[in-house]
Amino acid sequence: MQAQTDFLDIYRSNTNAAAETLKVALRNMERLNEQQLQWVRVALEQNDRLTNRLAEVRSIDDLFLAQSQFAFSQVTQGIEVWWRLFRAMQDSQLAAMSRVQAQVGQATQTARRTHDLAIQTMQDASSMAFSTAGTEQPGTEKRGTTWSGAERRKASVVPFPGPERRKAA
């Protein structure tokens, strides 16, 4: 019963972690899409300003001045867009790494609990098997001697016949 409860706890925590990761990823995507919309709006405004400015041009000098100002504005905006994009990606990666680190810590704790539970279950099953068979469990007193840890492990492991043993049998 305890194993089933632990399994459900592990399943719930992994499902919650996956849902949280997905939620954060979707929020980051939403934020990036909002920034991209803002960049498009700024580009449209600049296009309107350039169009109005070009309508007012009366000489070649005015045209070159308007073109250079527009080019400077485009380069500045491009650099700003790339900076914001990399910044958003950096923030997203840092958040993802911290979530992964937390999930790895949680998974490590869960694995330890599962390992401890498996060991306890195996020990309980072993005790039950020896008590059912009516024999003494390895490690208990037998004819006045105590079994060492290595003897106990040897006694509880049934050797699997390898290829050389199968041929001999």
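Of the 169 residues in the protein chain, 11% count as buried, where buried means under 20% relative accessible area, exposed over 50%, and partly exposed in between (1.4 Å probe, protein chains only). This is a predicted model, in which local features need pLDDT of at least 70, side-chain atom pairs count only at pLDDT 80 or more, and totals for chains, interfaces and linings use all residues. Residues are numbered from 1 along each chain as its sequence is written, and side-chain values use heavy atoms, with hydrogens and water left out.

The chain has four helices and zero strands, in the order α-α-α-α along the sequence. Helices (H or I, at least four residues) and strands (E, at least two) are DSSP runs, numbered from the N terminus.

The accessible surface comes to about 13700 Å², with 61% belonging to carbon and sulfur atoms; areas come from the Shrake-Rupley method with a 1.4 Å probe, and for residues only the protein chains shown count as cover.

| Residue | Relative accessibility | Class |
|---|---|---|
| Phe 64 | 53% | exposed |
| Gln 77 | 14% | buried |

Not counting residues up to four places away in sequence, Gln 77 touches Trp 39, Val 42, Ala 43 and Gln 46; a contact means heavy atoms within 4.5 Å. Among contacts in the chain between residues at least 6 apart in sequence, 54% join residues at least 24 apart.
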